[in-house]
Amino acid sequence: MSSERISIFYTGATGYIGGAVLQRISEHPKANTFDITALVRNADKAKLIEATLPHVKTVVGALQDLDKLTELSAQSHVVIHTANCDDEPAMKAILAGLKKRHETIGDTPILIHTSGLAVLVDDARGEYTSQTITSDLDLAALDALPPSALHHVVDLLAISASTEGYARSYLVFPGLIYGIAKGPLFDGGISHKHSLAIPWLTTAFAKRGRAGMLGTGASMWPNVHIADTAEFYYLLFDAALSDPSKLSHGREGYYFVEADEHKAYDAVKAVGSALVDLGKAKDAEPTVLTPEECVEYFGSDFMAGLLFTNARCRADRGRRDLGWKPKYTTQDLVNGIKEEVEVLLRE
């Protein structure tokens, strides 16, 4: 990595993943050479970000501002996209900017796109533990993923940038992320400090008065702590800048983020135990959700079912190529749920 200034366009700075990753990148030893521009919807939060992270400037706007996405991407050597992973028009606008940059100045920019491991899910509905475990080094399995898989239409757009040669695209697929995010963006109320899954379960089961599940809760998902997730992005970002020739991208640029795995039963039971301890339920043992409850507490049968799918995998590429060594395990997930439930109910 040279001492020249590096232009970076960043989306999702006020989000859970985005805030944690932006903080970590801002700690890079060469952060004083970074010109980071973050797209932020809220003008007040934009000002707070600039006051909190000196290397970050903001532009007020949203993913729907497609011309702005294209313009800011064209101005940047690196685009880190941690916002909505299913927004196809936004990705097309970002790619248009990267292609324009390549054609105009000959630069081959970097795209780090956040997807998710729901791309691997089955329809277990909590009835079984799948024996299929997909490695992110298994190109045949990755190539076989259908475009209809969750998130995958946008994944394939990102991959096309590498295939066509105008950018290097790296796709990051986190599992179930957990832990209360910490740091200046979170302490200041700028970025969301909670994940999606645990708050979702907590809200539903607190209203229900008891934890619930589909089937026997036998399905399994990978998990990763938010701190380990931010470190993964940092290592990928650093490697993409310092020695891109050694880093796979495009159709070989799938990077799963998995530190450990857990059964759905263990997660919902932990939420149930926390609710009992906090006086919000009388029994920690989850009972089977009815079809009506799936709709009432999760909005639809599909969304409830998603929580009880299998998405087993191994983050072999990050461990091998980035030297990523996650510190947290499933035991940390289970042990930390009570604190997170307590904070969520207090808020």
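**A walk through a predicted model**

T229 is found in helix α9. Helices here are DSSP runs of H or I with at least four residues, strands are runs of E with at least two, and both are numbered from the N terminus. T229 is buried, with a relative accessible area of 0%. Buried means under 20% relative accessible area, exposed means over 50%, and partly exposed is in between, using a 1.4 Å probe and protein chains only. What does T229 touch, not counting residues up to four places away in sequence? It touches I177, V224 and V257. Contact means heavy atoms within 4.5 Å.

Some ground rules. This is a predicted model, where local features need pLDDT of at least 70, side-chain atom pairs count only at pLDDT 80 or more, and totals for chains, interfaces and linings use all residues. Residues are numbered from 1 along each chain as its sequence is written, and side-chain values use heavy atoms, with hydrogens and water left out.

Stay with α9, and look at a pocket. α9 (226-242) supplies at least two residues of the lining of the second largest pocket, and so do α1 (16-25) and α14 (330-346). A pocket is defined on a 1 Å grid over the protein atoms alone: an open set of points where a 1.4 Å probe fits, with protein on both sides within 12 Å along at least five of seven lines. Lining residues have an atom within 4 Å of a point. The space in this second largest pocket is about 400 Å³. That volume is the space filled by probe spheres set on the points, and points are joined across faces, edges and corners.

Which helix gives the most to the lining of the second largest pocket? α14 does, with 6 residues. The whole lining has 21 residues, and I180, K182, H225, I226 and A227 lie nearest the centre. By class, there are 10 nonpolar, 4 polar and 7 charged residues. Ala, Val, Leu, Ile, Met, Phe, Trp, Tyr, Cys and Pro count as nonpolar, Asp, Glu, Lys and Arg as charged, and the others, Gly among them, as polar.

Now α1. It is mostly covered, with 9 of its 10 residues buried. Among the buried ones are Y16, G18, A20 and L22.

On to charges. The structure holds 18 salt bridges. A salt bridge is a side-chain nitrogen of Lys or Arg within 4 Å of a carboxyl oxygen of Asp or Glu. Take R5 and D35: their side chains meet in a salt bridge at 2.9 Å, N to O. The pair links distant parts of the chain, 30 residues apart, with R5 in the segment before β1 (6-11) and D35 in strand β2 (residues 34-40).

Next, R251 and D143. Their closest N and O atoms are 2.3 Å apart in a salt bridge. R251 lies in the loop between α9 and β11 (254-257) and D143 lies in helix α5 (residues 139-143), so the pair ties together parts 108 residues apart in sequence. R251 is partly exposed at 37% relative accessibility. D143 is partly exposed too, at 42%.

E261 sits in strand β12 (residues 260-263) and R314 in strand β14 (residues 313-314), 53 residues apart. E261 is buried at 15% relative accessibility, while R314 is partly exposed at 27%. Salt bridges that share partners also join R24, E27 and E231 into one network.

What about a charged residue with no salt bridge? D87 is buried yet has none. The nearest side chain of opposite charge is R41, 9.2 Å away. For that, Lys and Arg count as positive, Asp and Glu as negative, and His and the chain ends are not counted. D87 is found in the loop between β4 (78-81) and α4 (88-105). Beyond its neighbours within four places in sequence, D87 contacts L63, Q64 and V154.

Another loop residue is S76, between α3 (66-74) and β4. At 5% relative accessibility, S76 is buried. S76 and I8 are 68 residues apart in sequence and 5.2 Å apart in space, C-alpha to C-alpha.

Last, backbone angles. Most residues other than glycine have a negative phi. R125 has a positive phi, near 50 degrees. R125 lies in the loop between β5 (110-114) and β6 (134-135). H151 also has a positive phi, about 75 degrees. Where is H151? In the loop between α5 and α6 (152-164). H151 counts as buried, at 18% relative accessibility.
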